[in-house]
Amino acid sequence: MKREAVVLNTDVKLLPIAIDEQERLRRMMHLIYKPVYQHLWQDNGEAYVESQYNRDQVMTELALENARYYFVEYKDEVMGMLRYLFDCPYPESAHHNVTKLHRIYLDPATHGSGIGGLLVNYVVDQAAQAGQKSVWLECMDTQEPAIKFYHKMGFYTERPFQLDSPSMKPEFRGMLLMKKDL
């Protein structure tokens, strides 16, 4: 089933990702993830990008009925990606009708353009329309700009936790589970 593009405004569209676009997604993530997050990893983020955007992983993620996975197009150029999942409870939660904002990555050239807020609002609106009770996400506790952004978007810190990732530098494994009630 091929879904249509979602037009958010005159400059921003969401283009559903198909499995034949996995290599394009992987290459893009090397370009947009690593400049912002390479300092977190002992290998500059190489293993993370390869583990999350290899063909098998992308096929698995695309096969999930509750998942939405998009390229973000800005002014007719793909500048990022968005992935969220309906009915995806956070760890140790009894609530099943919640949406996880799993990934939102944008080319650093777009930071400050309002695209991030537009995408978060879109996910929140989709979750509300689907009858979800909240939207949640995981954010690194050392990423102050991201934490401020999510607070501005109405999210609050539900609880801190530690990421168990051997290739990540230990001082950057602190995470926040953030949530917005609908």
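Buried means under 20% relative accessible area, exposed over 50% and partly exposed in between, for a 1.4 Å probe and protein chains only. Helices (H or I, at least four residues) and strands (E, at least two) are DSSP runs, numbered from the N terminus.

This is a predicted model, in which local features need pLDDT of at least 70, side-chain atom pairs count only at pLDDT 80 or more, and totals for chains, interfaces and linings use all residues. Residues are numbered from 1 along each chain as its sequence is written, and side-chain values use heavy atoms, with hydrogens and water left out.

Helix α1 spans residues 22–32, and its buried residues are Q22, L25, R26, M28, M29, H30 and I32. The elements that cover these buried residues include those in the table.

| Element | Residues |
|---|---|
| α2 | 34–37 |
| α3 | 46–53 |
| α4 | 55–63 |
| β3 | 67–74 |
| β4 | 77–85 |
| β5 | 98–106 |

Two packed helices are described by the angle between their axes and the distance between the axes. The axes of α1 and α3 come within 10 Å and cross at roughly 160 degrees. Axes are lines fitted to C-alpha atoms, for helices over the stretch in contact, and angles run from 0 to 180 degrees between N-to-C directions. The two helices, α1 and α3, are therefore roughly antiparallel (angles over 145 degrees).

Contact means heavy atoms within 4.5 Å. On the α1 side Q22, L25, R26, M29 and H30 meet E46, V49, E50 and Y53 of α3. The residues of this contact divide into 4 nonpolar, 2 polar and 3 charged. Here Ala, Val, Leu, Ile, Met, Phe, Trp, Tyr, Cys and Pro count as nonpolar, Asp, Glu, Lys and Arg as charged, and the others, Gly among them, as polar.

T110 lies in the loop between β5 and α5 (115–129). T110 is buried, with a relative accessible area of 3%. Apart from neighbours within four places in sequence, T110 is in contact with Y74, M79 and I115.

Note on methods: Parallel < 35°, antiparallel > 145°, perpendicular 65-115°, else oblique.
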